[in-house]
Amino acid sequence: NARLYNKLHEKQVLLEGVIKCSVDGIVISDIRGNILHFNPRAEEILGISEDDARKILAQELSDLDDDERTRLYNVFKRQEHISHYERTYQRKDGKRLVLNLSCFAIVDENRGTLGVVSEVTDVTEKKRMDDYLVRVEKFAALGHVASVIAHEIRNPLSGIATTVQNLEMEYEDDSPQKKDLQSIIGEVDRLEKMLREVLDLARPLPLQMEEVEVVDLLASTIALLNKEAVKRKITIRKDFDCRSMTINADPQRLRQVFLNLTLNAIEAIGGQGEIVVSTAAVQTHPERNRRIVINFKDTGVGIPVSHLNKIFDPFFTTRENKGGTGLGLAIAYGIVHAHGGSITAESELGRGTTFTVYLPEADEPTSTSPGLETHLETGTETIMLVDDNDAVRANLRQLLASLGYTVIEANTGAEAVAACHNGVGGIDLFMLDINMPEMDGVEAFGKVRSIIPQARGILITGFVDDGVDVQQLPEGIVGVMRKPFTIRQLSRCVRLALTGSSLEEMTT
Ligand SMILES: Nc1ncnc2c1ncn2[C@@H]1O[C@H](COP(=O)(O)OP(=O)(O)OP(=O)(O)O)[C@@H](O)[C@H]1O
Ligand SMILES: [Mg+2]
């Protein structure tokens, strides 16, 4: 008997252990609902101690109506079980939970129902996620409908546009009819623009990927807006890192992002102001590709904190009376994310805003790749190379010559200045070592510039902290190259310096 008792006791301890450690909440009650046992996880989920739970009935835990209570009672009476029974539950701390219950009737030898074991899981978070996904799907479906409608409207709209344009041509320039028709054309244009944007937003993005040199794409995009900016007394400054930064991207789409961000910046600046577009590459992980970081910083009105989390929403705009549709940033967001990147905004009211686009860099072609040579940018211009170190100079001369350039050498700053004095002409670019005895690169270039006012130069430096203030480079210096650099970087920097007419600075 004692052995039997021990065995039974062992079994009970084991069972209690299982219940205690269960990751689900377990509530055991008798058939009337008196709570007999409440495991620690149930206490945690329901926010009520076992002692307190014993004082109430299981049905009081959830606000069951009478019908439901009777239904459950009958289910348990028939010794059936209930699975995936979902209830909301208001916890004492105010948090509203969604619970998933599975309930089993406990049956004795005479097939009478002794009680009910309920397994309780907290599915609040999962529910929230499910709801979110449904919303996303709904949004996608809505997008689809929107794009179908937009397509349907577009055709008749372009019919209207052509007809009105034809009509308009029939009237004299200052006739009132002509003015009316022109305003119709203006409105049709606006609708057309909006439809295009809705389509852009709703269309799943079939990206036409190719290797894109970020800086080139940025420079050519900004060039499109420069005229408008100048007209509004806004300067767009390019602060580009001239190391090659290649990404896999759809250039047309990405151009749209850059355009939208620059246009927004222009819009945000009331009178005079400045937009700085800068690029950098950041190594976030030694084994991962670098991240390309592009900043659009403006001195505009800024964005109030309460708007910051809405600006990327479709149709959020504060410029509705200036023709804004609120789609620019939503489109930019979609495109950047489709490229595996991200976009953020930081702003200080009254001072300005910075939008930052992050994009993953494309895989670097391996250095043994035979195609590498074809990536080098060559030229036939004449470059004067000023460096007091013979070995360094010879090396650089060789590299530049291999890129196709004609190289004139000078040992010292004074020698370079003297050559210019003596009328050595046709020099398209000066490359000067910063650190030279007697006359350093900056001083030498200053003197060169007083002889040849349109001279352009690149400074070469071996020190990271050489005191060169890239914000305050002497006029005409269009780039700073830090050693060591690769031939690819050299070819790129020289090319940019020679062609980028408004390039204020480049650094390696
Ligand atoms: N650089 C910025 N400075 C200040 N506010 C900005 C800036 N960029 C965007 N915003 C705010 O975000 C809103 C949404 O920008 P978004 O480009 O999506 O739409 P929009 O410019 O109003 O219209 P559009 O569809 O013509 O681009 C703007 O209305 C503006 O309030
Ligand atoms: Mg915009």
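Which residue has a backbone N or O atom 3.0 Å from an oxygen atom of ligand 1? In this predicted model, that residue is Leu327.

## Overall shape

The protein chain contains 16 helices and 18 strands. Its C-alpha trace spans about 120 × 80 × 45 Å along the principal axes.

The radius of gyration of the protein chain is 36 Å, whereas a compact globule of 508 residues would have one near 23 Å.

## Where the ligand sits

Ligand 1 is found in the largest pocket. Several elements give two or more residues to the shell around ligand 1: α7 (176-202), α9 (251-268), α11 (328-338) and β12 (352-360). The largest share comes from α9, which gives three residues.

There are 21 residues around ligand 1, and Thr317, Thr318, Arg319, Thr325 and Leu329 come nearest. By type, the shell around ligand 1 holds eight nonpolar, nine polar and four charged residues.

Besides the Leu327 pair at 3.0 Å, a backbone N or O atom of Gly328 is 3.2 Å from an oxygen atom of ligand 1. In the side chain of Asp298, an N or O atom lies 2.8 Å from a nitrogen atom of ligand 1.

On its own, ligand 1 has 600 Å² of accessible area, and the protein covers 93% of that area.

Definitions and conventions: Residues are numbered from 1 along each chain as its sequence is written. Chains are lettered from A and ligands numbered from 1 in the order in which they are written. This is a predicted model: local features need pLDDT of at least 70, side-chain atom pairs count only at pLDDT 80 or more; totals for chains, interfaces and linings use all residues. Side-chain values use heavy atoms; hydrogens and water are left out. A residue is near a molecule or strand if one of its heavy atoms lies within 4 Å of it. A polar contact is a pair of N or O atoms within 3.5 Å; within protein, one must be able to donate a hydrogen and the other to accept it, and residues adjacent in sequence count only if both atoms are side-chain atoms. Accessible areas come from the Shrake-Rupley method with a 1.4 Å probe; for residues, only the protein chains shown count as cover. On a 1 Å grid over the protein atoms alone, a cavity is a set of points where a 1.4 Å probe fits but cannot get out, and a pocket is an open set with protein on both sides within 12 Å along at least five of seven lines; lining residues have an atom within 4 Å of a point. A molecule sits in a cavity or pocket if more than half of its atoms lie within 2 Å of its grid points. Helices (H or I, at least four residues) and strands (E, at least two) are DSSP runs, numbered from the N terminus. Ala, Val, Leu, Ile, Met, Phe, Trp, Tyr, Cys and Pro count as nonpolar, Asp, Glu, Lys and Arg as charged, and the others, Gly among them, as polar. The radius of gyration is taken over C-alpha atoms; the globule rule is 2.2 Å times the number of residues to the power 0.38.
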